[in-house]
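Please read the following report with the sequence and the model side by side, and look up each part as it comes up in the text.

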Amino acid sequence: MPTLKPLSPVAPEAAAPQPPRGVPADPQKYPVEVRASAIDGLGAFAATAIPARRKIGEIRGEPVSLAESQRRARAQIRQHLDAGTPPRVTIIAVSEQRAIDATESTDPLRYANHSCAPNMVLKVQQGRVAFYALRDIAAGEELTARYGATHHAGQLVCRCGAPNCRGSL
């Protein structure tokens, strides 16, 4: 009759590093760089190739009510217009009552610009905001998503440059 032998423990250096207790895990599944974008200001760029349908990462932020998110968006726009700088509002509705304000987030995907021909999709799942690759994405390619309804209400000119560009956000 065969005998069972205990498995040898995994060497500590071979195990994936775990964050200290109470510290959230890094939500980025693929490395993303932030740098100047031809679309708008700063953009998020793939640091390595990303296969189609893979989760790229998430945007984290402060959960707020939709009313508070609208108040914050108006205040941020007003502040930037007064300063003469282009506004960058990063607030995503996650339900009919709640939104995530990622304005102060350090997650690089907060710099993902809009494109009418995006290479990733934004999905809201259980109150979390995640991005998935729509197709294979090459290293160095700018990561873009199609924004849904925005606070711009069609007043902001789209600069994505896609052949099928709808012209505004």
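Two strands are said to pair if DSSP finds at least two bridges between them. Within this pairing, Ala-36 stands opposite Leu-42 in β2. The two strands form a hairpin with five residues between them, and Gly-41 in the turn has a positive phi of about 50°.

Strand β2 (residues 42-46) is mostly covered, since four of its five residues are buried, a word that here means under 20% relative accessible area, while exposed means over 50% and partly exposed lies in between, with a 1.4 Å probe and protein chains only. Strand β2 is also joined to strand β10 (residues 142-145) by two bridges, and these two strands run antiparallel; here Phe-45 stands opposite Glu-142 in β10.

An open sheet of three strands has the order β4-β6-β5, with antiparallel pairing. Its edge strands are β4 (62-65) and β5 (91-93), each of which pairs on one side only, and the twist averages 30° from one strand to the next. The pairing of β4 with β6 runs over four bridges in the antiparallel sense, and Glu-62 stands opposite Asp-101 in β6.

Helix α1 (residues 66-83) lies across β4, β5 and β6, and it runs at about 105° to β4. For such angles, axes are lines fitted to C-alpha atoms, for helices over the stretch in contact, and the angles run from 0 to 180 degrees between N-to-C directions.

## Ser-105 in its loop

Ser-105 is found in the loop between β6 (98-101) and β7 (113-114). Is this serine buried or exposed? Ser-105 is buried, because its relative accessible area is 14%. Not counting residues up to four places away in sequence, Ser-105 touches Ile-59, Arg-60 and Arg-110, where contact means heavy atoms within 4.5 Å.

A polar atom of the Ser-105 side chain lies 3.1 Å from the backbone oxygen of Arg-60, and a polar atom of that side chain lies 3.0 Å from the backbone nitrogen of Asp-107.

## The cysteines

How many disulfides does the rule give? The count comes to zero, a disulfide being a pair of cysteine sulfur atoms within 2.5 Å. Cys-116 is in no disulfide, and the nearest cysteine sulfur, that of Cys-160, is 3.9 Å away; Cys-116 counts as buried at 2% relative accessibility. Cys-165 is likewise in no disulfide, with the nearest cysteine sulfur, that of Cys-158, 3.6 Å away, and Cys-165 is partly exposed, with a relative accessible area of 28%.

## The chain as a whole

The chain has one helix and ten strands, which follow the pattern β-β-β-β-α-β-β-β-β-β-β when read along the sequence. Buried residues make up 35% of the 169 residues in the chain. Among the contacts with a separation of 6 or more, 64% are between residues 24 or more positions apart.

Residues are numbered from 1 along each chain as its sequence is written, and side-chain values use heavy atoms, with hydrogens and water left out. As this is a predicted model, local features need pLDDT of at least 70 and side-chain atom pairs count only at pLDDT 80 or more, whereas totals for chains, interfaces and linings use all residues.

Terms used: A polar contact is a pair of N or O atoms within 3.5 Å; within protein, one must be able to donate a hydrogen and the other to accept it, and residues adjacent in sequence count only if both atoms are side-chain atoms.
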